[in-house]
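Subject: Structure handover

Hello,

Please read the notes with the model open beside them.

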Amino acid sequence: MTTVRREPLADQAAELLLDRIRAGEWALGAKLPGETTLAPQLGVGRSTIREAIRQLAGRGILTTRQGAGVFVTALDASEDWTQKIGRADIRAVIEARIAIEVEASALAAERRTPADLRRLNKALAAREAHRERIEEHVDTDTAFHRAIVAAAGNPILLEMFDSFTPRSREAMIAMLRRRGDHGSDADQASHHRIYDAIADGDPAAAAAAAREHLASLTTNLTG
């Protein structure tokens, strides 16, 4: 059994416990042994084990249930979401957008209000008016897609979309510069089809139009 050898003891103990969780010693939802068992296994005191457990609880790995014990709530420490997205390539970002926006488009068709449709129509018109400069084109395009997700009425989907926006903007600008063309009539028409399906209250058509448009972004994608 590996034991703690260096300071800080609580940090070391937390990492050793996490290593054991990653290795599958305790499954998701499993109860950890008590402090009196873990402390001698790691060669530390019970107070150090308590601090290590507090650290892992703060990272979402463990949870303490009063009177019941300590349980595994995640099998690894999640990396900061923003950092992970920042390193993702554009294909991964587009695939994630498909997962979010196809469902959001269907929900928007079911739930859109007159105010939502006004915002969507305004965003679509702004997209039409800013097709020349790449940065403006990307920003107005993003505003239109965000209006769709907002119309879905699901705050979690909207938060997820917003988390992708900085990386998506950067990658889309770079991709369009490489391609040398953007803002075509066909591209604008694809956005009209999404809007029309939402306005018509047709979830299946809205989802299909959104999927077709977003999937087309991967054509000739190299970055």
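**Confidence**

In this predicted model, confidence is lowest in helix H4 (residues 81-87), with a mean pLDDT of 67, and highest in helix H6 (residues 114-129), at 96. Here pLDDT is the predictor's confidence in each residue, on a scale from 0 to 100. Helices are DSSP runs of H or I with at least four residues, numbered from the N terminus. Over the protein the mean pLDDT is 89, and 91% of residues reach 70 or more.

Residues are numbered from 1 along each chain as its sequence is written, and side-chain values use heavy atoms, with hydrogens and water left out. Because the model is predicted, local features need pLDDT of at least 70 and side-chain atom pairs count only at pLDDT 80 or more, while totals for chains, interfaces and linings use all residues.

**Largest pocket**

On a 1 Å grid over the protein atoms alone, a pocket is an open set of points with protein on both sides within 12 Å along at least five of seven lines, a cavity is a set where a 1.4 Å probe fits but cannot get out, and lining residues have an atom within 4 Å of a point. Grid points are joined across faces, edges and corners, and a volume is the space filled by probe spheres set on the points.

The largest pocket holds about 430 Å³ of space. Its lining has 23 residues, and those nearest the centre are Arg179, Asp187, His213, Ser216 and Leu217. At least two lining residues come from each of helices H7 (134-151), H8 (155-179), H9 (185-199) and H10 (203-216). H9 supplies the largest share, 5 residues. By class, the lining has 6 nonpolar, 9 polar and 8 charged residues. Ala, Val, Leu, Ile, Met, Phe, Trp, Tyr, Cys and Pro count as nonpolar, Asp, Glu, Lys and Arg as charged, and the others, Gly among them, as polar.

**Cavities**

There are 2 cavities of 30 Å³ or more.

- The largest cavity has about 60 Å³ of space. Arg97, Thr142, Phe161, Phe164, Thr165, Ser168 and Arg169 line the largest cavity, and H8 gives the most, 5 residues.
- The second largest cavity has a volume of about 30 Å³. Its lining consists of Arg97, Asp141, Thr142, His145, Ser168 and Met172. H7 and H8 each give two or more of these residues, with the largest share, 3 residues, from H7.

Regards
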